[in-house]
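Let's walk through a protein model together, from its overall layout down to individual side-chain pairs. Keep the viewer open as you read.

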Amino acid sequence: MNKPLRILHFSDIHVNIQIRHMHWKKWFSKRAVGAINLLRGRAKYFDDTEKKLAALIRFKEENDIDIVINTGDYTALGLKSELELAKQLLEPLMTPPQNYITVPGNHDIYVHEGNSHYRFSEQFCSVLQNDLPEYCRGGHWPLIRLLGKDAAVIAIDSARPNPLPWKSSGEISPEQLEALDTILKDERLKGRFLFVITHYAPRLSNGKDDEKLHGLVNADDFLEICKGIERGALLFGHIHKTYRLSIPELDSELFCAGSATMEGHEGCWVYELSGKNMQARQVGWDGSQYSFMDLP
């Protein structure tokens, strides 16, 4: 019997540099509000991020993980220095690069500042390989990774700069949605278990829409296209709560990784795919290590 494919899915690690190291010019933007929130206490929830990421790397090594998926928000303020630090801390998970799949989060594309998406792509270019690049609709997405003969990951970018301090919503471009609809009909993906990943949650844990200023503005359009998935799961982050959800209009289950590093909310998922069967196991933090929350 073949070994099951094991996939680790985590999100929202929010690496941040010390605010005093932020260049003064960066304060003249939405980052000023974000930095003040960090100074007022938000940062303390991520004080042990480096320690927890080291533990997550150990968890990956000890549990024979084949594929790693990160659904974004590597940073707190979208600074180049934060992206560089995140990449450095996660380097062991990105080896080999074809086994690591990711999308940016809204904190990674924080403000309009030149080409924010390019800054993310510059740091993570080694893991943005696309097995079906003909479907790209600007930048690297949709990004498709074929996993053997039985599975595939389709990565969709939903992050965008939000210059207004009170707004943190996301949107999947019409071009990407059109491409996704076509991808789901591609014969090369027929019969595979499809993991469709993006940053924003198409539904909250209660099955309702997220708030207009915080959620995915075209979630209904996204879910309508995802009705074309025969066997699969939708993976995302953004909400700092680990949950799984079934909704009536969709055959695929929804999985939110929550935040892997936020104090009191640490969590992620491991998916085990064997033939046509997928089992999801929730992972939690006990203060010193990550471990499965269910019995083997």
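The tour below goes from the whole chain to a sheet, a helix, the nonpolar cores and the salt bridges.

What you see is a predicted model, in which local features need pLDDT of at least 70 and side-chain atom pairs count only at pLDDT 80 or more, while totals for chains, interfaces and linings use all residues. Residues are numbered from 1 along each chain as its sequence is written, and side-chain values use heavy atoms, with hydrogens and water left out.

Let's begin with the overall picture. The secondary structure of the chain comes to 6 helices and 12 strands; helices (H or I, at least four residues) and strands (E, at least two) are DSSP runs, numbered from the N terminus. Of the 296 residues in the chain, 56% are buried. Here buried means under 20% relative accessible area, exposed means over 50%, and partly exposed lies in between, with a 1.4 Å probe and protein chains only. A contact means heavy atoms within 4.5 Å, and among contacts between residues at least 6 apart in sequence, 70% join residues at least 24 apart.

Now look for an open sheet of 6 strands, whose order is β4-β5-β6-β7-β9-β8, with mixed pairing. The edges are taken by β4 (143–147) and β8 (243–245), each with a single partner strand, so one side of each is left without a neighbour in the sheet. On average, neighbouring strands of this sheet are turned by 20° against each other, direction ignored. That angle is taken between axes, which are lines fitted to C-alpha atoms (for helices over the stretch in contact), and angles run from 0 to 180 degrees between N-to-C directions.

Strands pair if DSSP finds at least two bridges between them. Is β4 enclosed or open? Since 4 of its 5 residues are buried, β4 is largely enclosed by the rest of the structure.

In soluble globular proteins, nonpolar side chains tend to be buried together. A nonpolar core is a set of buried Ala, Val, Leu, Ile, Met, Phe, Trp, Tyr and Cys residues joined through side-chain atoms within 4.5 Å. The largest one here has 54 residues, of which Phe10, Leu90, Tyr100 and Phe195 touch the most other members. Leaving aside neighbours within four places in sequence, the contacts of Phe195 include Ile7, Ile154, Leu235 and Met278. Apart from this core lies another, of 32 residues, among them Ile183, Leu184, Ile229 and Leu250.

Finally, turn to the charged pairs. A salt bridge is a side-chain nitrogen of Lys or Arg within 4 Å of a carboxyl oxygen of Asp or Glu, and by this rule the count comes to 16. Arg160 forms a salt bridge with Glu171, with the closest N and O atoms 2.9 Å apart. Arg160 lies in the loop between β5 (151–155) and α5 (174–183), and Glu171 in the loop between β5 and α5, so the pair ties together parts that are 11 residues apart in sequence. Arg160 is partly exposed at 21% relative accessibility, and Glu171 is partly exposed at 34%. The loop between β5 and α5 also holds Ser169, which is buried with a relative accessible area of 0%; Arg160 and His214 are among the contacts of Ser169 beyond four places in sequence.

Another salt bridge joins Arg203 and Asp220, the closest N and O atoms being 2.8 Å apart. Arg203 lies in the loop between β6 (193–197) and α6 (219–226) and Asp220 in helix α6, so the pair ties together parts that are 17 residues apart in sequence. Arg203 is buried at 8% relative accessibility, whereas Asp220 is partly exposed at 47%. Elsewhere, Arg6, Glu272, Arg281 and Asp294 are linked in a network of salt bridges.
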